[in-house]
Structures are given as C-alpha cells and as structure tokens.
Amino acid sequence: MASEATYDPVHNVGRTLIDAAAQMTRAVDRRAQTVGITGAQWVVLIRIGGGIGSTASELCRTLGYDSGAMTRMLDRLVKLGLVQRVPSLADGRVTTVALTPAGEALYPRLKPIAIDVLNAHLRGFEPEEIEQLMGLLERIIANGQAGSDGVSCDTGPAFGGATRSRAGGEQ
C-alpha cells in the first residue's frame, strides 16, 4: 500500500494505469480516423453498440466524462447520423441512446480497431496472464466503486489524469 513515505509519483500503479490507457487511447484514435470518427467517438459507439451503455448517464459514469461533455459528444454523434435518442418505454423521464442504421453499419468496422489495439499492447502475454491482469484490474475497479461514496460522473480521474471532457478531445 502507498503511504506518504513510500509514494513515488513516477513509479506507481495509478500513473502506470493512466499511461497505459492513454497510449491505447492514442492508438484507438489513430485507427478510428480511418473510419471517419475520433477515438473519443469510437469509445462511445463501441459501448452503445455492444450494449454496455444505453443512457447518457451510464456512459458518463463508466467513461468518466462530465455530463456536459457527454451531452456534447452525443449531440455530435446524432448530427453525424450514427446515434439516436429514444424515449425509454420503461420510464418516460429517461432517454436512451441507440445506434442508427448508419451507426449499425459502421459498428462492424469498430471491433477490429479494438482487436488490433489490444493485440498490439498485449503482445507476448500468455492467455493466463491476460486473465490474471483482467482479474486484478476488475478488483481495482471494484475497490474504487466501493469507496466512491456516490461520486458523480462530474469527477475526473485521479493521479494527475485530465478529465475526459478535456482529454477526450470532444469539446
């Protein structure tokens, strides 16, 4: 565990996770441009298309965007004709987001970006090592969720990371 005496701003898990994520984000951004979108748009589209988020609030919470940045992102994707906002049948106060037919047509071109970026960054890892890494990261996430005390999606990442509204490139 880190303490005031042992914390090293250069060599710590938080900085390393952020640096790894930033490197993968840059790789996704480069690849996403080949299909006509930004990396930040790719992240939102892959989550909507994969059923990982169906409301702006869910996307905001899981991606670390503030609510204003997520609204602007979804506005851009709506304007591009890739996403639509649909009133929820279960709760009229909630608006869900879904891929449009154009978004559905683009979606199969998004998965290979994830596969290529993951394979490049996990080169030399054994399948067992990848599963172990996933388990460790999931524990980190669970620990963070347990200690969040209802933190809103307006809070940016810790350890010197920028908020997605700035770092995500979608202002």
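## Ground rules

Helices (H or I, at least four residues) and strands (E, at least two) are DSSP runs, numbered from the N terminus. Helix axes are lines fitted to C-alpha atoms over the stretch in contact, and angles run from 0 to 180 degrees between N-to-C directions.

What you're looking at is a predicted model, where local features need pLDDT of at least 70, side-chain atom pairs count only at pLDDT 80 or more, and totals for chains, interfaces and linings use all residues. Residues are numbered from 1 along each chain as its sequence is written, and side-chain values use heavy atoms, with hydrogens and water left out.

## The overall layout

The protein has 7 helices and 2 strands. Start at the N terminus and the elements come in the order α-α-α-α-β-β-α-α-α. Of its 171 residues, 25% count as buried, where buried means under 20% relative accessible area, exposed over 50%, and partly exposed in between (1.4 Å probe, protein chains only).

Now for contacts, meaning heavy atoms within 4.5 Å. Take those between residues at least 6 apart in sequence: 57% of them join residues at least 24 apart.

The predictor's confidence in each residue is its pLDDT, which goes from 0 to 100. The protein averages 85, and 86% of the residues score at least 70. Confidence is highest in helix α5 (residues 101-121), at a mean of 96, and lowest in helix α7 (residues 164-167), at 36.

Where pLDDT is low, the predicted coordinates should not be read in detail.

## Helix α1 and its two partners

Let's begin with α1 and helix α2 (residues 39-49), which pack at an angle of about 90° with their axes 8 Å apart. That makes α1 and α2 roughly perpendicular to each other; angles of 65 to 115 degrees get that label, while those under 35 count as roughly parallel, those over 145 as roughly antiparallel, and the rest as oblique. On the α1 side, the contact is made by Val28, Asp29 and Ala32, and on the α2 side by Gly39, Ala40 and Trp42. Sorted by class, that's 4 nonpolar, 1 polar and 1 charged residues. Here Ala, Val, Leu, Ile, Met, Phe, Trp, Tyr, Cys and Pro count as nonpolar, Asp, Glu, Lys and Arg as charged, and the others, Gly among them, as polar.

Helix α1 (residues 13-32) also packs against α5, at an angle of about 140° and with the axes 10 Å apart. So α1 is oblique to α5. In α1, Gln23, Met24, Ala27, Val28, Arg31 and Ala32 meet Pro112, Ile113, Asp116, Val117, Leu118 and His121 in α5. By class, this contact has 8 nonpolar, 2 polar and 2 charged residues.

## Ile113, a residue to look up

Is Ile113 buried or exposed? Ile113 sits in helix α5 and counts as buried, because its relative accessibility is 1%. Leaving aside neighbours within four places in sequence, Ile113 is in contact with Val28, Arg31, Ala32, Val35 and Trp42. Val35 is 78 residues away from Ile113 along the chain, yet their C-alpha atoms are separated by 9.7 Å.

## Helices α3 and α4

Next up are helix α3 (residues 56-63) and helix α4 (residues 67-79), whose axes come within 10 Å and cross at roughly 120°. The two are therefore oblique to each other, and their crossing is right-handed. Ala56, Leu59, Cys60 and Leu63 in α3 meet Ser67, Met70 and Leu74 in α4. This contact has 6 nonpolar, 1 polar and no charged residues.

Thr71 also lies in α4. With a relative accessible area of 39%, Thr71 is partly exposed. Thr71 and Ala56 are 15 residues apart in sequence and 7.2 Å apart in space, C-alpha to C-alpha.

## A last stop in helix α6

Find Ile140 in helix α6 (residues 127-146). Its relative accessibility is 41%, so Ile140 counts as partly exposed. Not counting residues up to four places away in sequence, Ile140 touches Val13 and Leu17.

How values were computed:
Left-handed = near helix turned anticlockwise from the far one by under 90°.
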